[in-house]
Amino acid sequence: MNFPENLLYTEDHEWVKIDGNTATVGITDFAQSQLGDIVYVEIETEGDELDAAEVFGSVEAVKTVADLYMPVGGTVSEINGELEDEPELVNTDPYGKGWLIKITTEDGFDTDDLLSVEAYTEHVKAQS
Amino acid sequence: MSKQTELYHIHSALGAQLIPFAGYDMPVRYSSDKKEHMAVREAAGIFDVSHMGEFIIRGPKALELIQKVSSNDASKLVPGKAQYSCMPNHQGGIVDDIIVYYIRDDQYMIVANASNIEKDWNWIKDSNTMGAEMIDVSEETSLLAVSGPKAEAIVQKLTNHDLSEMGTYFCFKDTFNGAEKSLIATTGYTGERTFEIFIYNKYAEKMWNDLMEVGEEFGLIPTGLGARDTLRLEMGYMLYGNDINDETSPLEAGLGWITKLNKGPFNGSDILAKQKAEGINKKLVGLEIVERGIPRSGYEIAHEGKVVGTVTSGSMSPLLNKGIGMGYVPSELSAIGTELDIMIRNKPVRAEVVKRPFITK
């Protein structure tokens, strides 16, 4: 199971990469493996300003559906359009081409509640 | 603490994702639900379904007991034949759906859903006023199912019995690939040609390995409960606990074809006859999403803005690449072609009542 060190994580298995006032968000390798084959990603919050932990969309796998939660508060500024035709990118490349949304803020991101890679790895171990 | 099948360490070594199911840690998938699903549709898959329950019913009163607890007519069976059936309760609901195997004179086997083993055993025992001999062999029995268009060619490699002579829902008991007293049956849950191999636990690991070895050239892969569920759903087969339960009538579920009210009295036959005479108020229907969306168990079914039912099973069909499901709706809304809405995350998504199976076999 691969958890890149340069990312921050949530207990709900999203990852977030913060780059100044923009955050890129996806789901972790653990999450995609638990969900199985992802058949589509439904995100209809583009342009919305959402708080941390609010639902920004959902991901449908063959067997199950999971809500997606904002790891940090901000405006959903971009959705990964490639997932419309190739939702399986979330399975095959969860930290790369399978990213889900970008969030922007002008106030700086509050990362206090996010998990480091070490803390997230422990969290996954406790669940599996 | 979950129980494990004899093949638990094999599933683990294969990297399977294991989930607790009916008290067992069972493989839900080894690689990908879609890949495993398509392997069964196009080549073959092997399932460990050792969690299923098996009861031997034997002796001169065996048939009498089976006739009393089951809705189908077991008197029509001949040795070597099996039948799908269900066990109604006295309220017109379903204790379990089962398969009855007529192994040889005065000897039958009932295969029960894993989650119902104890309930079924007690139910049958309470009905056993005639004194048939009952043996629960669930714990000592492993069950492997090889399913798919290549299943027969694979299983044939391990036996001299001419499997091409076996139609659907047949069985024979014999030594099989070195495993004594095995039962080989052409029953299954996928809609594809399937061989279910009931063996004593001590033979399970070798049987799995031998099947995998002879199956390799035919594209046999291990397949998990995830694929098993989408395969059965594409066929419109019932999943006990989802589509049928203690409260649903076999007539409502579309199981009238295994409810033989003219065979003589059986558990629940009075109330089922009454239901049939009066007509039923709701029916289980197949639902196909018209555009995009996936029905899931528990989602509401609506008609013209009013909730009329609940989805009992739903998934993406890997073969159709569409959301499909089943659910109970009022009888007047059950006709093929009826347009209904499924409430997906509080939004109505258009679905159509379609015939089952969802796929053409």
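1. Contact between the chains. In this predicted model, chain A brings 19 residues to the contact and chain B brings 19 residues. The area buried between chain A and chain B is about 1,600 Å². Carbon and sulfur atoms give 40% of that area. On the chain A side, three residues stand out: A:Tyr40, A:Val62 and A:Lys63 supply 39% of what chain A buries against chain B, more than any other three residues.

2. Polar content of the contact. Between chain A and chain B there are 18 residue pairs in polar contact, both residues being at pLDDT 80 or more. The chain A side that touches chain B draws at least two residues from each of α1 (29-35), β4 (38-42), β6 (55-61) and β7 (65-69) of chain A. Its largest share comes from β4(A), with 4 residues. By type, the residues on this side of chain A divide into 7 nonpolar, 5 polar and 7 charged.

3. Salt bridges across the contact. The count between chain A and chain B is 7 salt bridges. One of them pairs the side chains of A:Glu44 and B:Lys347, at 2.7 Å, N to O. B:Lys347 also meets A:Glu42 in a salt bridge, at 3.8 Å, N to O. The cut-off is 4 Å. A:Glu42 lies in strand β4 of chain A and B:Lys347 in strand β20 (residues 347-354) of chain B, so this pair joins two chains.

4. Is A:Glu42 buried or exposed? A:Glu42 counts as buried, at 16% relative accessibility. The threshold for buried is under 20%. B:Lys347 is partly exposed, with a relative accessible area of 33%.

5. The charged network. Salt bridges link A:Glu42, A:Glu44, A:Glu60, B:Arg296, B:Arg345 and B:Lys347 in a network. Over all chains, the structure holds 25 salt bridges.

6. Salt bridges within chain B. The side chains of B:Lys76 and B:Asp73 meet in a salt bridge at 3.3 Å, N to O. Their exposure can be stated separately. B:Lys76 counts as exposed, at 64% relative accessibility. B:Asp73 counts as buried, at 8%. A further salt bridge joins B:Glu278 and B:Lys274, with the closest N and O atoms 3.9 Å apart. Both of these residues, B:Glu278 and B:Lys274, are exposed. Why is their separation about one helical turn? B:Glu278 and B:Lys274 are 4 residues apart in helix α8 (residues 269-278) of chain B, so about one helical turn separates them. An α-helix has 3.6 residues a turn, so residues three or four places apart point the same way.

7. Aromatic pairs, chain A. The count is 9 aromatic pairs over all chains. A:Phe3 and A:Tyr120 form an edge-to-face pair, because their ring centres are 5.0 Å apart and their planes at 85°. A:Phe3 lies in the segment before β1 (8-9) of chain A, and A:Tyr120 lies in helix α3 (residues 117-127) of chain A, so the pair ties together parts that are 117 residues apart in sequence. Both A:Phe3 and A:Tyr120 are buried. Ring pairs also bring in A:Tyr9: A:Phe3, A:Tyr9 and A:Tyr120 are linked into a cluster.

8. An aromatic pair in chain B. The rings of B:Tyr101 and B:Phe198 have centres 5.6 Å apart and planes at 75°, so this pair is edge-to-face. B:Tyr101 is in strand β7 of chain B and B:Phe198 in strand β13 (residues 194-200) of chain B, so the pair ties together parts 97 residues apart in sequence. B:Tyr101 is buried, with a relative accessible area of 0%. B:Phe198 is buried too, with 4%.

9. Helix α3 of chain B. Which residues of this helix (residues 62-69) are buried? They are B:Ala62, B:Leu65, B:Ile66, B:Gln67 and B:Val69. What covers them includes the strands β5 (53-58), β6 (81-88), β7 (94-104), β8 (107-112) and β9 (133-136), along with helix α4 (117-127), of chain B.

10. A:Glu122. This residue is found in helix α3 of chain A. A:Glu122 is partly exposed, with a relative accessible area of 49%. A:Glu122 and A:Lys17 are 105 residues apart in sequence and 19 Å apart in space, C-alpha to C-alpha.

How values were computed. Residues numbered from 1 in each chain as written. Chains lettered and ligands numbered in written order. Predicted model: local features only at pLDDT ≥ 70, side-chain atom pairs only at ≥ 80, totals over all residues. Heavy atoms only, no water. Contact = heavy atoms within 4.5 Å. Buried area = accessible area lost by both parts, 1.4 Å probe. Polar contact = N/O pair within 3.5 Å; in protein donor to acceptor, adjacent residues only side chain to side chain. Nonpolar A, V, L, I, M, F, W, Y, C, P; charged D, E, K, R; others polar. Buried < 20%, exposed > 50% of the residue type's maximum accessible area, 1.4 Å probe, protein only. Phe/Tyr/Trp six-rings, centres within 6.5 Å; stacked < 30°, edge-to-face > 60°.
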